[in-house]
Amino acid sequence: MEDAELAALAHAGDREAFGELVRRFAGQARRVARAVLGSDADADDAAQDAFLAALKSLGRYDPTRPFGPWLMRIVANAATDRRRRQKVRAAVQISPQTPSTEARPDQVALRLEFHSALKTALRSLPERRRIAVVLFDVEGYSHQEIAEVLNVPVGTVRSDVFHARRALRAALAQWKNPKEEIV
Amino acid sequence: MRGSPFDHRQDRELGETLRAVLSAEDDTSFVERVLARAGELRHNVYGVEWWEVLSAWARPGLVAAAVGLIAGITFWFSGMSGSTESMVALGDPLLPAGESGLPSALFAASQPPDLNEVLALVMGN
């Protein structure tokens, strides 16, 4: 069944249809939220908020347009709002996956360090670039769709993806050899 | 990864790497959590039927009615028990102790007082 059909059923009160939509987009929504938020728990909370907000707003969804970008816009907004509130609270928390300075030779430790370095590189990017590169290279959205998600011109999306890729590649260059073994 | 960041196609290698970093381990429990929360918020999401509105108002309405009834009964009984005291209290400060200002015969008699007697008292005779 198409996303738009499920959305219509969910809007009419069909819980199974809403469940199917959540199942289809859970991974995507959580990844986008994680790209914005430092804490995985916060990201899941934001993704959940987004799904519930989407459920309440299904009446405003245009079924002639793809459902994914519409939902991802809500996810991005929910994550951004939560991140803004965190900034207001000014709670500085050290991620448990902060790269360790100790040398750990085993593969698991190496993979954790690699993932941590990539996360650090991703979080060093401006929020909009993070979302743009994740939607483009991870989720396969087009520039046009991402422009709708972020509410910016397509040219801005192209620029964001370009700068994000360049920064990520530079940051990951030093991990090139280990990465080939561990990813 | 491709060499040029200008590439308009997806960079599969970068994409897969980011996916591995950002993906959560268990989507199933997340989905269950969202659906459970959606179930809790069902009334807000899908709207509330009229009988649910009435039933929601019924309990606080009954409580308010009970409280009002108890308050009314309390006020009624306290007014009845205090009415004699208040009448006495108004009269006492104006008169010497033991006098009511009217002949005791007017109150002690079992029959209504004679009209001439009442007029004589009023006119000072």
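Colleague: At what angle do α2(A) and helix α2 (residues 27-40) of chain B pack, and how far apart are their axes?

Modeller: In this predicted model, where local features need pLDDT of at least 70, side-chain atom pairs count only at pLDDT 80 or more, and totals for chains, interfaces and linings use all residues, the angle is about 125° and the axes lie 9 Å apart. Axes here are lines fitted to C-alpha atoms, for helices over the stretch in contact, and angles run from 0 to 180 degrees between N-to-C directions. Residues are numbered from 1 along each chain as its sequence is written, while chains are lettered from A and ligands numbered from 1 in the order in which they are written.

Colleague: What does that make α2(A) relative to α2(B)?

Modeller: That angle makes α2(A) oblique to α2(B). Angles under 35 degrees count as roughly parallel, over 145 as roughly antiparallel, 65 to 115 as roughly perpendicular and the rest as oblique.

Colleague: Is the crossing of α2(A) and α2(B) left-handed or right-handed?

Modeller: The crossing of α2(A) and α2(B) is right-handed. The near helix is turned clockwise from the far one by less than a right angle in a right-handed crossing, and anticlockwise in a left-handed one.

Colleague: Which residues make the contact?

Modeller: α2(A) contributes Phe18(A), Gly19(A), Val22(A), Arg23(A), Ala26(A), Gly27(A) and Arg30(A), and α2(B) contributes Asp27(B), Phe30(B), Val31(B), Val34(B), Leu35(B) and Ala38(B). Two residues are in contact if their C-beta atoms, placed from the backbone, lie within 7 Å. By class, there are eight nonpolar, two polar and three charged residues in the contact of α2(A) with α2(B). Ala, Val, Leu, Ile, Met, Phe, Trp, Tyr, Cys and Pro count as nonpolar, Asp, Glu, Lys and Arg as charged, and the others, Gly among them, as polar.

Colleague: And α6(A) with α1(B): what are the angle and the axis distance?

Modeller: α6(A) packs against helix α1 (residues 12-22) of chain B at about 115°, with the axes 8 Å apart. α6(A) is therefore roughly perpendicular to α1(B). Their crossing is left-handed. Val134(A), Asp137(A) and Val138(A) of α6(A) meet Leu14(B), Gly15(B), Leu18(B), Arg19(B) and Leu22(B) of α1(B).

Colleague: How many residues does each chain bring to the contact overall?

Modeller: Chain A brings 32 residues and chain B brings 26 residues. On the side of chain A that touches chain B, the largest share, ten residues, comes from α2(A). That side divides into 14 nonpolar, six polar and twelve charged residues.

Colleague: Changing topic, how many helices and strands does chain A have?

Modeller: Chain A has nine helices and zero strands, whereas chain B has six helices and zero strands. Helices (H or I, at least four residues) and strands (E, at least two) are DSSP runs, numbered from the N terminus.

Colleague: What percentage of each chain is buried?

Modeller: Of the 183 residues of chain A, 39% count as buried; for the 125 residues of chain B, the figure is 8%. A residue is buried if 20 or more other C-beta atoms lie within 10 Å of its own, exposed if 12 or fewer, and partly exposed in between, with C-beta atoms placed from the backbone.

Colleague: Which residues of α7 in chain A are buried?

Modeller: In that helix (residues 143-150), Glu145(A), Ile146(A), Ala147(A), Val149(A) and Leu150(A) are buried. Just after α7(A), Asn151(A) takes a positive phi of about 60°.
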